[in-house]
Amino acid sequence: MKQKHILCFGDSLTWGFRPGLATRFDEDERWTGVLRRELGEEYCVHEDGISGRTSVFEDPYVPWRCGKAALGYTLMSQKPLDLVILMIGTNDLAVGISPDEVVANIARIIERFQTESRWTRLFVQSILPVNGRDFSKFKGHYAHADAIVETNRLLQALCDCLLYTSPSPRDRSL
């Protein structure tokens, strides 16, 4: 049986950043590893997560963090793909980008995705809440945590407008 290929594209959450230790979770502990294990051998799960990745902004001090710029290369290197899971936006909010602009930027990524891989299904993950632990390195994440709810509301409206559905990871029709 031919394997189905899933790409998980995102930021430090996809990379598997372990807060407090500034290390990476082991492969089987990361959500991408859990997904791989739960789906079984019928699926190949590729991960492309970079700590600090933003939707469309390049960090002048830490290069290669722009999601829109990286997406084309990643899609080409991982072809063929059956599903892409997009999980990005947390770092945009952390630096004070407004919910409206974050969602507009994610729309730009979706447009790029549709151009590069229009037959691949897309799952756009809502921005996950920031937990209550206070790590000084992530002050911006905590300071802008209230913007997550509004961003997710706008993101849902964008995806509804584009007629995206959220396939279950157990959806075997992928």
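## Arg-65 and its surroundings

Leaving out residues up to four places away in sequence, Arg-65 touches Ile-50, Ser-51, Gly-52, Arg-53, Thr-54, Phe-57 and Glu-58, where contact means heavy atoms within 4.5 Å. This is a predicted model, in which local features need pLDDT of at least 70 and side-chain atom pairs count only at pLDDT 80 or more, while totals for chains, interfaces and linings use all residues. Residues are numbered from 1 along each chain as its sequence is written, and side-chain values use heavy atoms, with hydrogens and water left out.

Arg-65 sits in the loop between β4 and α3, where the names refer to DSSP runs numbered from the N terminus, helices being H or I runs of at least four residues and strands being E runs of at least two. Although Arg-65 and Thr-54 are 11 residues apart in sequence, their C-alpha atoms are 6.1 Å apart in space. A polar atom of the Arg-65 side chain also lies 2.7 Å from the backbone oxygen of Ser-51.

## The protein as a whole

The protein holds seven helices and six strands, and from the N terminus on its elements follow the order β-α-β-β-α-β-α-β-α-α-β-α-α. Of its 174 residues, 44% are buried; a residue is called buried under 20% relative accessible area, exposed over 50%, and partly exposed in between, with a 1.4 Å probe and protein chains only.

The accessible surface comes to about 9,700 Å², and 55% of it belongs to carbon and sulfur atoms; such areas come from the Shrake-Rupley method with a 1.4 Å probe, and for residues only the protein chains shown count as cover. Among the contacts with a separation of 6 or more, 71% are made by residues 24 or more positions apart.

## Helix α2

Helix α2 covers residues 31-39, and its buried residues are Thr-32, Gly-33, Leu-35 and Leu-39. Seen down the axis of α2, these buried residues fall within an arc of 160°, so they line one face of the helix; the arc is that of the directions from the helix axis to the C-beta atoms. What covers them includes β1 (4-10), α1 (12-15), β4 (43-49) and β5 (83-87). After α2 comes Gly-40, which has a positive phi, near 90°.

## Nonpolar cores

In soluble globular proteins, nonpolar side chains tend to be buried together. The largest nonpolar core here has 27 residues, of which Leu-75, Val-84, Leu-86, Ile-106, Ile-110 and Leu-122 touch the most other members; a nonpolar core is a set of buried Ala, Val, Leu, Ile, Met, Phe, Trp, Tyr and Cys residues joined through side-chain atoms within 4.5 Å. Two or more residues of this core come from each of β1, α3 (67-78), β5, α5, β6 (121-124) and α7, and α5 gives the most, with seven residues. Apart from this core lies another, of nine residues, among them Cys-8, Leu-35, Val-45 and Ile-85.

## Salt bridges

Side chains of opposite charge can pair when their charged atoms come close. The count of salt bridges comes to seven, a salt bridge being a side-chain nitrogen of Lys or Arg within 4 Å of a carboxyl oxygen of Asp or Glu. One of them joins Arg-30 and Glu-47, whose closest N and O atoms are 3.1 Å apart. This pair links distant parts of the chain, since Arg-30 lies in the loop between β3 (23-24) and α2 while Glu-47 lies in strand β4, 17 residues apart. Arg-30 is buried, with a relative accessible area of 8%, whereas Glu-47 is partly exposed at 23%.

Two further salt bridges lie within helices. In α5 (residues 99-116), Glu-116 and Arg-112 are four residues apart, about one turn of the helix, and their side chains meet at 3.2 Å, N to O. In α7 (residues 147-161), Glu-150 and Arg-153 are three residues apart, again about one helical turn, and their closest N and O atoms are 2.7 Å apart. Salt bridges that share partners also join Arg-24, Arg-30 and Glu-47 into one network.

## His-46 in strand β4

His-46 belongs to strand β4 and counts as buried, at 16% relative accessibility. Its side chain is joined to that of His-5 by a polar contact of 2.9 Å, a term for a pair of N or O atoms within 3.5 Å in which, within protein, one must be able to donate a hydrogen and the other to accept it, with residues adjacent in sequence counting only if both atoms are side-chain atoms. Leaving aside neighbours within four places in sequence, His-46 is in contact with His-5, Ile-6, Leu-7, Cys-8, Gln-78 and Leu-81.
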